[in-house]
Amino acid sequence: MDTQLSKAALTTRLAKACIPFREIADLPLSGLMRRIGDARVVMIGESSHGTSEFYETRARITRALIERGHFSFVAIEGDWPDASRIDHYVRHKEYPASEWTAFARFPTWMWRNEEVRRFVDWLRGWNSTHAMPTRVAFHGLDLYSLYTSIHEVIRFLRDHDPVTANQAMHRYQCLLPYRDDPIEYARSAIQPGFRSCENAILETLRTLYEHHRQLEAHDGERVFDMLQNANLVASAEEYYRTMFFSENNAWNLRDTHMFATLERLLAHYGEGSRGIVWAHNSHVGDSDATDMGRRGEFNIGRLARARFGNQMFNIGFGTDTGTVAAASDWGARMEIKSVRPALPGSYERLFHDSGIERALLPLRHGDPELIYHLRHQYLQRAIGVIYRPQTERQSHYYHASLPDQFDEFVWFDRTQAVTPLTTTAIKGMPDTYPFGV
C-alpha cells in the first residue's frame with residue numbers, strides 16, 4: 001500500500017466502500033449502531049450550521065441511539081441557559097422555566113429551526129413515557145451566555161440563599177458595565193490600567209461550591225444547573241479577557257469549557273451514564289488530524305478521544321452543493337446562500353466524483369486499504385454561521401485527514417438550508433414551549 005491510488009481508482013474504491021441510502025428515513029442504522037457499540041460518548045457533527053440534511057440525520061441517529069440504549073442526555077453547541085429552557089420542556093419539569101425565549105440571539109436559525117423543533121417535540125414525547133430518572137436531558141455546552149448565566153445564578157440564590165445572592169451580586173457588578181457587548185470587556189483588557197473581574201468571579205465560584213451541599217437540600221438538579229451557570233460565567237470572563245491576546249487561546253478556552261461541561265454532565269448523571277454531543281465538525285473531529293493541531297489548537301473531539309479512547313465515537317458530515325442558511329458577517333441578517341461546488345483536491349470533490357449521492361462511510365471499521373489512501377491529507381470544507389463564497393478557499397477550507405478525524409462519515413452530494421422557525425409556526429403552543437413567539 002505504498003503507492004497512492006490514481007484518482008479514478010480511489011473514487012471507484014470509495015464508491016464501493018460507501019453504504020448508500022435513498023432517504024434519511026432509510027438510514028442503514030443497524031450497522032451504524034453495531035459500529036458505535038457501547039461507546040459512552042457519541043459526537044455527531046455537521047459541516048455547516050445551516051444545512052437541513054445534517055440536522056435531520058443527526059436527529060435520526062440520536063433517536064436510534066436513545067431507543068436502542070440508555071443515554072442520559074443530548075448536549076449541543078449552544079448556551080447552557082437556552083438549552084435549559086428546552087430541557088425543562090422535554091423532561092416535563094415541574095418548577096417554572098426561565099422567562100426568556102430560547103436561542104433568540106444571533107444566530108437564531110442555528111437552533112431555532114423546524115428540524116430542531118421536530119426533534120425537541122419527539123424527545124418530549126419519548127420522555128412522557130418514562131419516569132423522571134430515566135428521561136433524556138437536553139443541555140448546552142457553550143459559553144456565550146455570560147449575562148443570562150449571571151441572571152440565573154442570582155435568581156436561584158435569591159430564592160434559596162439571599163445572603164450569598166447579595167455577595168454574588170456585588171462581585172458580578174464588575175462585569176455589568178459591559179452587559180450590552182461583552183466584546184468591550186475584551187477590548188478593555190488590552191488597555192493599560194485595566195481592572196480585571198477575574199478574582200471577583202472566581203471568588204463567587206468558590207463560595208458557591210462551598211455552599212452547594214446545603215443548597216442541594218432544596219433541589220439537587222437546580223443546584224447543578226446554578227453551578228453550571230456559575231462555571232460558565234468564570235469561563236466566559238476568561239474567554240473575553242484573553243480574546244485579543246491570542247486567537248488560538250480563545251478557541252482552546254472555549255473547547256476546554258465545553259469538554260469540562262461534558263465531564264460534569266457525565267459525573268452528574270452517574271456511573272454508566274452516556275451522552276450524545278451535537279456540534280460542528282470542527283469541534284467533534286479530532287483536531288490533531290487538521291490544521292488546527294498544527295496551529296496549537298485543540299477541540300472537544302481531541303479532548304474526548306484522549307479521555308475516553310474508543311469509548312468515544314464521532315461522526316462527521318460533508319456535502320458538495322446546494323443551499324445553506326448563513327450570514328455574510330457576524331450579526332448580519334440570515335440569507336439562503338448557494339453552496340459552491342467543492343474545490344479540486346478536497347474530500348468533498350472526491351466524494352462527488354465517486355458518484356455517490358447519499359451514504360455512510362465507516363472509517364473506524366472500514367476498508368483498510370481505502371482508509372490508508374484517504375489518510376493522505378486533503379482539503380476539507382467548513383461553513384459556520386458565516387459563509388463567504390467569494391473567499392471560499394481562505395475562509396472555509398483547511399487541510400485534514402478524514403480517517404484520523406472521524407469514526408464514520410455521512411455524505412450528501414446535494415443539500416438544502418434549514419427552515420428557521422417563524423411566529424406563525426409556533427402560535428398556540430403552551431407557555432412552557434421553549435422557543436416562544
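**Exercise 1. Find how many disulfides the whole structure holds, and describe where the cysteines lie.**

Solution. Begin with the criterion, under which a disulfide is a pair of cysteine sulfur atoms within 2.5 Å. A search of the whole structure with this criterion finds 1 disulfide, and the cysteines that it joins are C174 and C197, with an S to S distance of 1.9 Å. Next, take the torsion about the S-S bond of C174 and C197, which is about -85°, so the disulfide is left-handed. C174 lies in the loop between α7 (162–172) and α8 (183–189), while C197 lies in the loop between α8 and α9 (198–216), so the pair ties together parts that are 23 residues apart in sequence.

Before going on, note that this is a predicted model, in which local features need pLDDT of at least 70 and side-chain atom pairs count only at pLDDT 80 or more, whereas totals for chains, interfaces and linings use all residues. Residues are numbered from 1 along each chain as its sequence is written, and side-chain values use heavy atoms, with hydrogens and water left out.

**Exercise 2. Work out how α9 and α10 are packed, starting from the angle at which their axes cross.**

Solution. Axes are lines fitted to C-alpha atoms, for helices over the stretch in contact, and angles run from 0 to 180 degrees between N-to-C directions. The axes of α9 and α10 (residues 220–242) cross at roughly 170° and come within 10 Å. Angles under 35 degrees count as roughly parallel, over 145 as roughly antiparallel, 65 to 115 as roughly perpendicular and the rest as oblique, and α9 and α10 are therefore roughly antiparallel to each other. For the contact (heavy atoms within 4.5 Å), the residues of α9 include I201, L205 and H212, and those of α10 include V223, L227 and A234. Sorted by class, this contact has 12 nonpolar, 3 polar and 4 charged residues, where Ala, Val, Leu, Ile, Met, Phe, Trp, Tyr, Cys and Pro count as nonpolar, Asp, Glu, Lys and Arg as charged, and the others, Gly among them, as polar.

**Exercise 3. Repeat the analysis for α4 and α5, and then inspect the loop between α4 and α5.**

Solution. Helix α4 (residues 80–90) and helix α5 (residues 114–128) have axes 8 Å apart and pack at an angle of about 40°, which makes α4 oblique to α5. On the α4 side the residues are I86, Y89 and V90, and they meet V120, D121, L123, R124 and N127 in α5. The classes in this contact are 5 nonpolar, 1 polar and 2 charged residues. In the loop between α4 and α5 stands H92, whose phi is near 55°, a positive value in a residue other than glycine. The loop between α4 and α5 also holds P107, which is joined to F106 by a cis peptide bond with omega of about -5°.

**Exercise 4. Identify which element gives the most to the lining of the second largest pocket.**

Solution. On a 1 Å grid over the protein atoms alone, a cavity is a set of points where a 1.4 Å probe fits but cannot get out, and a pocket is an open set with protein on both sides within 12 Å along at least five of seven lines, while lining residues have an atom within 4 Å of a point. The lining of the second largest pocket includes L205, N231, A234, H257 and R264. The elements giving two or more residues to this lining are α10 and α11 (247–269), and α11 gives the most, with 5 residues. By class, the lining divides into 4 nonpolar, 4 polar and 2 charged residues.

Technical notes
Helix = DSSP H or I, 4+ residues; strand = E, 2+ residues; numbered from the N terminus.
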